[in-house]
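This briefing goes through a structure that is shown just below, with its points grouped by topic. Please keep the sequence and the model at hand while reading.

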Amino acid sequence: MKIAFATVVQLGLSCIEEIYRIGGELELLITLEDERAKHKSGRIYLDEFSNKHNIPLVKIENINQAEVINALKEKDIDWLFIIGWSQIAKKELLDTPKLGCLGMHPTLLPMGRGRAAIPWAIIKGLEKTGVTMFKLDEGVDTGLVLGQVEISIEERENATTLYKKVNSAHITLMEKYWNDIVNNNVTLEKQNESLATYWEGRQAEDGRISNQMTCLEADRLVRAVTKPYPGAFYEDNNKKIIIWTAKTATGEAVDESISIKLKDGYIIPIDYEIEILEVVQ
């Protein structure tokens, strides 16, 4: 069985490392050109792993370009993993590997199709989430499911800790199903469309804290977009306060100089950075 792997984030690299830890091999690695997506959360580079294990590495602009199609055909690839990749795979790419393409999504599909799964799980106050391994099709996270791992979300969970749990779940799924994949012994199940939900993508600007937020909303936002994401922020005159951790308080603020007034209290930055904004004349 000949398998290729496309990724540009740590979640994918962790899967690749697990494949080699359990004795597997890859025929081809695919990633973005070095200058692309430099600020993507969890961005990694595959050069070192490629050199260490003597795996051909293709660097591209888009997963659907002819160079990828040709490389997959040249290597006679059976399965292509695509993990942590923002671009949607089109039909020609999906049909090029003999058996198809496999991906992972950090929710319990069909819940939470779409983008920004880790931040949304915290913002929505979920008690659990997970990671799903599935076969890619032309829809957005709509393919047949191979397996899932459930993840509990603690009361004070943040993006940093949840990202680590999601990373571990990726590794668990790879270890559990690798032999089935290479032996062409996978069982795929349809998703229950009646349970499907879709989560929109998020931009850095969505981390803005508003005075109209409640303490609960602001607290969840700070925890949801802390590292490896861009962080929650508040602008005050010519200052931008980027908040990595914070606490909330009702009543009087503890320290007016670093406390942000909310609808029902204050959010008080603990770990934060201050950027001076340019004043437009």
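In strand β1, Ile3, Phe5 and Thr7 point one way while Ala4 and Ala6 point the other way, and all of them are buried. The model is a predicted one, and the points below therefore describe computed geometry in a prediction. Strand β1, which spans residues 3–7, is mostly covered, since five of its five residues are buried.

**Strand β1 and its partners**

- In a regular strand the side chains alternate between the two faces of the sheet.
- Strand β1 runs parallel to β4, to which it is joined by five bridges, and within this pairing leucine 80 in β4 is the bridge partner of alanine 4.
- Strand β1 is also joined to strand β2 (residues 28–32), here by three bridges and again in parallel, with alanine 6 standing opposite isoleucine 30 of β2.

**The antiparallel sheet**

- Strands of a sheet pair through backbone hydrogen bonds, either parallel or antiparallel.
- An open sheet is formed by four strands in the order β10-β11-β13-β12, and the pairing in it is antiparallel.
- The edges of this sheet are β10 and β12 (260–261), and because each has a single partner strand, one side of each is left without a neighbour in the sheet.
- Strand β12 is joined by two bridges to strand β13 (residues 266–276), and these two strands run antiparallel; the bridge partner of lysine 261 is tyrosine 266 in β13.

**The largest pocket**

- The largest pocket holds about 1,200 Å³ of space, and of the 45 residues that line this pocket, the closest to its centre are Lys40, Ser86, Gly114, Arg115 and Ala116.
- The elements that contribute two or more residues to the lining of the largest pocket are β4 (79–83), β5 (100–105), α5 (117–123) and α6 (159–182).
- By class, the residues lining the largest pocket comprise 24 nonpolar, 15 polar and six charged.

**The second largest pocket**

- The second largest pocket has a volume of about 180 Å³, and of the 13 residues in its lining, Gly125, Glu154, Glu155, Arg220 and Arg223 lie nearest its centre.
- Two or more residues of the lining of the second largest pocket come from each of α5 and α7 (215–224), and α7 gives the most, with four residues.
- The lining of the second largest pocket divides into five nonpolar, one polar and seven charged residues.

**The annotated domain**

- An unreviewed UniProt entry carries the annotation "domain: Formyl transferase N-terminal", which covers residues 61–170.

**Backbone geometry in the loops**

- The peptide bond from leucine 109 to proline 110 is cis, with omega near 15°, and proline 110 is placed in the loop between β5 and β6 (113–114).
- Lysine 227 and proline 228 are likewise joined by a cis peptide bond, with omega about 15°, and proline 228 is found in the loop between α7 and β10 (232–236).
- Alanine 116, although not a glycine, has a positive phi of about 50°, and this residue lies in the loop between β6 and α5; with a relative accessibility of 23%, alanine 116 counts as partly exposed.
- Asparagine 237 is not a glycine either, yet has a positive phi of about 55°, and its place is in the loop between β10 and β11 (239–249); at 74% relative accessibility, asparagine 237 counts as exposed.

**Cysteines**

- With a disulfide taken as a pair of cysteine sulfur atoms within 2.5 Å, the count comes to zero disulfides.
- For cysteine 101 the closest cysteine sulfur, in cysteine 15, is 15 Å from its own sulfur, and that is too far for a bond.
- Cysteine 101 is buried, having a relative accessible area of 1%, and cysteine 215 also counts as buried, at 9% relative accessibility.

Technical notes: Residues numbered from 1 in each chain as written. Predicted model: local features only at pLDDT ≥ 70, side-chain atom pairs only at ≥ 80, totals over all residues. Heavy atoms only, no water. 1 Å grid on protein atoms, 1.4 Å probe; cavity = no way out; pocket = protein on both sides within 12 Å on 5 of 7 lines; lining within 4 Å. Points joined across faces, edges and corners; volume = space filled by probe spheres on them. Nonpolar A, V, L, I, M, F, W, Y, C, P; charged D, E, K, R; others polar. UniProt positions renumbered as here; feature names shortened; annotations may be inferred. Buried < 20%, exposed > 50% of the residue type's maximum accessible area, 1.4 Å probe, protein only. Pairing = 2+ DSSP bridges.
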